[in-house]
Amino acid sequence: MELSGYTAVYAPLEDTAMIPSPDPYHCPSHLETLTLIDQLFVYKEQNLEECFAEVCCGIKSNNRYKVKDDIGSNVFSILEDNDCCNRQCSTGRSFIMNVINDSNQEIMRLVHPFTCCSCCKNELEVQSPPGVAIGHVRQNCHVCLSEFTVENERGEPAFKIAGPCVACTFCTDENFELVSLNGAAIDRPFGKIVKLFSSSGPNAGADFVLRFPSNLDVKMKATVLGACILIDSVHYENKQQPLPFLLCQCFF
């Protein structure tokens, strides 16, 4: 997948009743920066000390992410707020992620409750401002594929995320496609969350790229970002990587 000169554009959504176009005058405070954006790059950060602690001692640190636009400018920072004991739990652990803008203001909060069935009952609430729900992501039960439903602030389904069988993909980009509720198998996707195997250009080193129509509702764009964090938690956080690979990630 070549990200240098990444210019793919999705057509405006036809079903505007399902996902209304963004209104800059009625979107949550400080989310205006998402109004015209159609692509975000997400980087998971870990320093050398944290790498050694996780690989050698099994001690996990709070997750940190950087979110950038297509020219490499910072958009948000995402910081996990969790205690040490909870961080050592499996995929079903609870967490809170604070989403910070360049003015060091918390503009969103991602809340994942504990689940005892980590294979298909994960969910995440997106809040903006913190305490006010603007969207939800719920994992669907499936024999082998990764599927999620994205809901609006009222808990009404808006669209689905249809992903691959993550355990069966190797050395390639993994696509989680944004599809309509009534035609996941036949409809053309209107966006993607891509777990990158490699990347180049101004956003080299990104872990995920999010692509959606520029006219997608701002609240839904924020919820897709939350879905990306949930997908990372469910499918990739506990994957064991070789020590040299982890150290390379820390240095670069």
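Reply: Happy to! Let's begin with asparagine 104, which counts as exposed because its relative accessibility is 66% (exposed means over 50% relative accessible area, buried under 20%, and partly exposed in between, with a 1.4 Å probe and protein chains only). Before going further, a word on the source: this is a predicted model, in which local features need pLDDT of at least 70 and side-chain atom pairs count only at pLDDT 80 or more, while totals for chains, interfaces and linings use all residues. Residues are numbered from 1 along each chain as its sequence is written, and side-chain values use heavy atoms, with hydrogens and water left out.

Asparagine 104 sits in the loop between strand 4 and strand 5 (strands are DSSP runs of E with at least two residues, helices runs of H or I with at least four, both numbered from the N terminus). Its phi is positive, about 65°, although the residue is not a glycine. Most residues other than glycine have a negative phi.

The loop between strand 4 and strand 5 also holds asparagine 101, and this residue is buried, at a relative accessible area of 14%. The side chain of asparagine 101 reaches two backbone nitrogens: that of serine 103 at 3.0 Å and that of glutamine 105 at 2.9 Å. For polar contacts, the cut-off is a pair of N or O atoms within 3.5 Å; within protein, one must be able to donate a hydrogen and the other to accept it, and residues adjacent in sequence count only if both atoms are side-chain atoms. Leaving aside neighbours within four places in sequence, asparagine 101 is in contact with His30, Val75, Phe76 and Ile107 (contact means heavy atoms within 4.5 Å).

Now for the setting of that loop. The strands form a closed barrel of 12, in the order 1-2-3-4-5-6-7-8-9-10-11-12, with antiparallel pairing (two strands pair if DSSP finds at least two bridges between them). Neighbouring strands of this sheet are turned by 20° against each other on average, direction ignored. Helix 3, residues 218-236, lies across strands including strand 4 (95-100) and strand 5 (106-112), and runs at about 35° to strand 7. Here axes are lines fitted to C-alpha atoms, for helices over the stretch in contact, and angles run from 0 to 180 degrees between N-to-C directions.

Five antiparallel bridges link strand 1 and strand 2, where tyrosine 43 stands opposite lysine 66. On its other pairing, strand 2 meets strand 3 through five bridges, also antiparallel, and tyrosine 65 stands opposite isoleucine 78. In the hairpin of strand 2 and strand 3, with five residues between the strands, glycine 72 has a positive phi near 90°.

Strand 7 (residues 133-140) then joins strand 8 (residues 147-152) through six antiparallel bridges, with glutamine 139 partnering phenylalanine 148.

As for the whole protein chain, it has four helices and 12 strands, and 47% of its 252 residues count as buried.
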